[in-house]
Amino acid sequence: MSLVSTGCDSAIDRAIPAPQTETSTSPELVKEATEFGGWVLPENAKILLVRKEIVRDTDYLMAVEMSPANLAWMLEKSGFTAAFMRWSPTPADTTIAGPDLASSPNVQLAQDVFQSPEGVGMFRNVLVDERNAETRIAHIAFRQA
């Protein structure tokens, strides 16, 4: 979109670039995302989907299914110590994969601040869908600060 100011001969280009996205479950994209966020996944975690988004900065989103024990292991190994709080999903809370959060009996949310070895500061958000006694679906986001 271009805007032209009245009484001026020049046009001002206010176009915002379209986001570049890559979405897959490829081991390469999983590795890229986890390295970026300083994250460790359990070996037997089921990767539902990973999305890389580039607008001005690079962000990663992951949806991963695992057991409660593997969730605890993942958080510990990733150095994620933020306290979780119960979260009531709204229609604006969307995920990239997995069941609708509105159908979950319990959703928990926590956020920490992380600095990568390369010096990139980011927010790491973890939303946990406690689907049933055996299943946790972690929705993990790494967003540059």
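**Ground rules.** I'm working with a predicted model, where local features need pLDDT of at least 70, side-chain atom pairs count only at pLDDT 80 or more, and totals for chains, interfaces and linings use all residues. Residues are numbered from 1 along each chain as its sequence is written, and side-chain values use heavy atoms, with hydrogens and water left out.

Entry 1: I looked up the largest pocket and found about 380 Å³ of space in it. (A pocket is an open set of points on a 1 Å grid over the protein atoms alone, where a 1.4 Å probe fits, with protein on both sides within 12 Å along at least five of seven lines; lining residues have an atom within 4 Å of a point. The points are joined across faces, edges and corners, and the volume is the space filled by probe spheres set on them.) There are 18 lining residues, and Leu61, Thr94, His139, Ala141 and Arg143 are the closest to the centre. I sorted the lining into 10 nonpolar, 4 polar and 4 charged residues. (Nonpolar covers Ala, Val, Leu, Ile, Met, Phe, Trp, Tyr, Cys and Pro; charged covers Asp, Glu, Lys and Arg; the others, Gly among them, are polar.)

**Entry 2: who lines it.** Strands S4 (46-54), S5 (58-66), S8 (121-130) and S9 (136-144) each give two or more residues to this lining. (Strands are DSSP runs of E, at least two residues, numbered from the N terminus.) Which strand gives the most? It's S9, with 4 residues.

**Entry 3: S9 and its partners.** I checked S9 next: 7 of its 9 residues are buried, so the rest of the structure largely encloses this strand. (Buried means under 20% relative accessible area, exposed over 50%, partly exposed in between, with a 1.4 Å probe and protein chains only.) S9 runs antiparallel to S8, with 9 bridges, and to S5, with 7 bridges. (Strands pair if DSSP finds at least two bridges between them.) Val128 has Ala138 of S9 as its bridge partner, while Met62 sits opposite Ile140.

Entry 4: In S5, 8 of 9 residues are buried. I also traced S5 to S4, antiparallel over 8 bridges, with a hairpin of 3 residues joining the two. Beyond its neighbours within four places in sequence, Glu65 is in contact (heavy atoms within 4.5 Å) with Ala45, Lys46, Leu48, Thr135, Arg136 and Ile137.
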